[in-house]
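User: I am new to this structure and would like to understand the ligand site. Could you take me through it?

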Amino acid sequence: MTDLAQLSITEASQKLAAKEISAVELAHSCIAAIEKKDPSLHAYLEVFADVAEQAEAADRRRAGGENHPLLGIPLGLKDNILIEGRRAGAASKILEGYVATYDSTIVKKLKETGAVFLGRTNMDEFAHGSSTENSAYGPTKNPHDTSRVPGGSSGGSAAAVAAHMTLGAFGTDTGGSIREPASFCGIVGLKPTYGAVSRSGLIAMGSSLDQAGPLAKTVADAELLFGAIRGEDPLDSTSVGKTFYHAHATSKKIGVPWELFKTGVDKDVMENFSAVLKKLEAEGYETVDIELPSAGLALAVYYIVMPAEVSSNLARFDGVRYGLSQKGATQWEDYAKTRGEGFGAEARRRIILGTYVLSSGYYDSYYGKATAARAQLTREVAEVLKGVDAIVMPTTPTPASRLGEKTADPISMYLLDIFTVTANLTGNPAISVPMGTVVREGKDLPVGIQFISAHGDENTLFAIGKAVE
Ligand code: GLN
């Protein structure tokens with residue numbers, strides 16, 4: 001029999017529907033792949049002990065006449081997505097021992113479809129990072145070159161999909177954390193429109209930026225996974241309903257902000273990028289030069305807005321309510337000890353930065369200005385998208401870095417986010433699709449191309465993504 005774990009979701013789904021394979025067989029082949037490859041990749045923090053039982057239940061549901069495309073499909077979930085009764089920790093020591101008391105809305109929806117949860121995937125602690133090296137449990141390795149990072153923060157999910165240790169996975173994206181690892185691992189990653197997917201039951205990073213979304217082997221799989229989790233939710237007042245979605249744009253024009261790439265995109269990445277644009281032109285798309293004057297500010301704006309929201313979201317980890325709890329002589333000391341020991345260096349850095357930019361003396365010079373620049377950027381993107389179906393950029397300026405290459409210099413790590421943060425600041429949907437490989441030290445390293453479309457217009461991203469494939 002072919003190795004079932006290698007299948008796309010769409011292929012496996014057809015085979016399940018035709019009763020050529022069972023969910024149990026599919027789950028077994030993923031588990032076998034995990035046992036073989038995960039010791040060297042470390043994509044999973046936990047593989048659930050009851051995967052076989054979940055798959056049996058899915059097979060029973062199918063025998064009873066149910067036929068959702070995700071029924072019996074094995075999936076990985078990033079460690080910041082709550083599943084009732086299971087551990088969740090955002091790869092942080094401060095959540096050591098925490099067991100979720102409720103299902104996130106996306107998990108509730110996935111349970112209805114009958115998808116099988118394989119386990120919790122590794123991530124940067126609290127999703128802070130672009131490499132998955134900030135996990136308190138050690139880094140994940142890139143399946144294309146284990147001396148390199150898989151990208152972050154959803155690096156465990158991306159590596160698991162790329163190495164066929166699951167058929168698909170979910171991650172979260174606050175400034176690029178789905179698209180970056182998708183780019184570095186050679187798979188598809190979608191950051192949905194802000195509000196398209198409920199944030200209820202996700203461990204928050206930056207609440208005005210966070211969106212959960214799929215990491216998948218193909219655009220069609222990403223579309224299927226997105227369809228299963230999207231929708232308005234009374235538990236998230238920022239979520240939006242179906243009426244919000246449009247049919248996809250049809251001008252077949254794609255805007256290229258050439259000016260932006262002068263900031264230093266790797267030469268080989270740029271070559272792949274131009275080759276894909278040519279391919280799209282051959283498919284009937286027209287590429288036009290566009291300007292986004294404020295996009296050069298996006299990174300600076302993000303690294304003010306994001307830590308501000310991080311510092312406030314992480315305030316709840318006080319040693320009283322969740323996870324780790326260290327005792328001192330006073331309650332103040334309890335907090336200090338718990339937070340000092342529980343948070344890693346990057347989380348502490350962001351808390352300090354965030355409280356600083358929000359402090360009364362500096363609010364106007366930093367947070368206030370950043371908010372104004374964010375509004376300006378949002379207007380510019382909206383204006384450009386009146387004339388084109390999508391904006392295109394490389395997902396990342398470089399291919400995957402070597403493990404340890406950027407950890408000593410946080411700013412060099414932050415620079416990787418230069419092209420991804422815009423869509424989070426403006427709330428637009430964005431997809432990363434593989435655009436070939438570049439050679440580094442004799443290894444083929446994948447790189448991704450990113451498309452950004454109008455709010456609620458994920459369909460355009462799927463259409464263009466399929467044209468690139
Ligand atoms: N790399 C970005 C950061 O470090 C984005 C992280 C994310 O999207 N969760 O903040």
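Analyst: A nitrogen atom of the ligand has a polar side-chain atom of aspartate 417 at 3.0 Å, a polar contact being a pair of N or O atoms within 3.5 Å. The model is predicted, with local features needing pLDDT of at least 70 and side-chain atom pairs pLDDT 80 or more, while totals for chains, interfaces and linings use all residues. Residues are numbered from 1 along each chain as its sequence is written, and side-chain values use heavy atoms, leaving out hydrogens and water.

User: How far is tyrosine 302 from an oxygen atom of the ligand?

Analyst: A polar side-chain atom of tyrosine 302 is 2.7 Å from that oxygen. For glycine 176, a polar backbone atom lies 3.2 Å from an oxygen atom of the ligand.

User: What share of the ligand does the protein bury?

Analyst: The protein buries 100% of the 290 Å² that the ligand exposes when taken alone (Shrake-Rupley method, 1.4 Å probe).

User: How many residues surround the ligand?

Analyst: There are 17, counted when a heavy atom lies within 4 Å. Thr174, Gly175, Ser177, Tyr302 and Arg350 are the closest. By class, the shell has five nonpolar, eight polar and four charged residues; Gly counts as polar and Tyr as nonpolar.

User: Which helix gives the most to that shell?

Analyst: Helix 9, residues 298–313, with three residues; helices are DSSP runs (H or I) of at least four residues, numbered from the N terminus.

Methods: A polar contact is a pair of N or O atoms within 3.5 Å; within protein, one must be able to donate a hydrogen and the other to accept it, and residues adjacent in sequence count only if both atoms are side-chain atoms. Helices (H or I, at least four residues) and strands (E, at least two) are DSSP runs, numbered from the N terminus.
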